[in-house]
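Here's a walk through a protein model, from its overall build down to a few residues. Have the viewer open as you read.

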Amino acid sequence: MTSDAEALPWTENSARRRSQEAAWRVLWRSRVLIGYLALRDLRLRYRQAALGVVWVLIQPVATVVVFTFVFQRLAGVSSQGIPYPLFALAGMVTWTYFANATTRASEVLVGNPNLVTKVYFPRMAAPAAGLISPLVDLAVSAVLIGVLAVYYRQWPGWNILAAPLWLLFLMGTTLGLALWLSAVNVRYRDVRYALPPILQLWLFASPVAYPATLLTGWQELLYALNPVVGIIALGRWSLLGAPWPGWPLLVSFGSAVVLLVTGLAYFRRAERTFADVI
């Protein structure tokens, strides 16, 4: 006689049987978990911070001061007709979100090993949550950009309507890189040591303190393979009324799509073994 336990079909509670589910559906189904993880991150960051969100402004403002002295006063770098402090701040705010969100998302899985090993949840929700809490910092910094824009009387015009597309471009690119790094970091903890210097080099390889138009022709298009080039150019066009970035924007967008698609594919394949190697 067959027991009830033997009669029931076996269902594996792992990522394997959910690996074919569409990414957007996984993220939407996990929206409550993503919100919870993002809120917990915000609480941990500001729980005992006396100055709170003031720290959000210190890094970009201090960096812009240095950039203004070095790149504008000493090097005479063009700022596309935009007051240089405002020009550099827009680039730095974009970069700060990209770097901070990438760093947090790359650590979220290895920072919660008990959650990964003891219960199944859509693993993609963890790095996605790492992109949400830095949005608060981005919003605070955007207010500062608005204040400076009013001070310098730099009006964006109808371009401001493209700001949601710029934000989507920024978050999509960051998610693609975060999926790669969070999955690799589970197996190789060298990521946490390699990422800070890589991001530091990437900062100077991106048009944060200078315009991408310093290069022309095929060199400009090759440079635009860095997706951050298109993100910053689109942000300056939308928020500050800078010149339209042209074809390099399409190249950067293509690079971002490749980064996101390959990141999704690698994460889906790697998540099956997270609980075994974390």
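This is a predicted model: local features need pLDDT of at least 70, side-chain atom pairs count only at pLDDT 80 or more; totals for chains, interfaces and linings use all residues.

Residues are numbered from 1 along each chain as its sequence is written, and side-chain values use heavy atoms, with hydrogens and water left out.

Start with the secondary structure: the chain has 14 helices and zero strands. Both kinds of element are DSSP runs numbered from the N terminus, with helices being H or I of at least four residues and strands E of at least two. Of the 278 residues, 46% are buried (under 20% relative accessible area; exposed is over 50%, and partly exposed is in between, with a 1.4 Å probe and protein chains only). Now take the contacts (heavy atoms within 4.5 Å) between residues at least 6 apart in sequence: 83% of them join residues at least 24 apart.

Next, the inside. In soluble globular proteins, nonpolar side chains tend to be buried together. The largest nonpolar core here has 70 residues; such a core is a set of buried Ala, Val, Leu, Ile, Met, Phe, Trp, Tyr and Cys residues joined through side-chain atoms within 4.5 Å. Several helices give two or more residues to this core, including H4 (54-74), H8 (133-152) and H9 (163-187). H5 gives the most, with 14 residues. Which residues have the most contacts inside the core? They are Trp-95 and Phe-98. Leaving aside neighbours within four places in sequence, Trp-95 touches Leu-199, Trp-202, Leu-203, Ser-206, Val-208 and Val-228.

Leu-221, Trp-247, Leu-250, Phe-253, Val-257 and Val-261 make a nonpolar patch of about 620 Å². Patch residues have over 30% relative accessible area and no salt bridge, and nonpolar side chains (Val, Leu, Ile, Met, Phe, Trp, Tyr) are joined within 5 Å, like charges within 9 Å. A salt bridge is a side-chain nitrogen of Lys or Arg within 4 Å of a carboxyl oxygen of Asp or Glu. H13 supplies the largest share of the patch, five residues. Leu-221 sits in H11 (residues 217-223) and is partly exposed, at 38% relative accessible area.

Methods: Accessible areas come from the Shrake-Rupley method with a 1.4 Å probe; for residues, only the protein chains shown count as cover.
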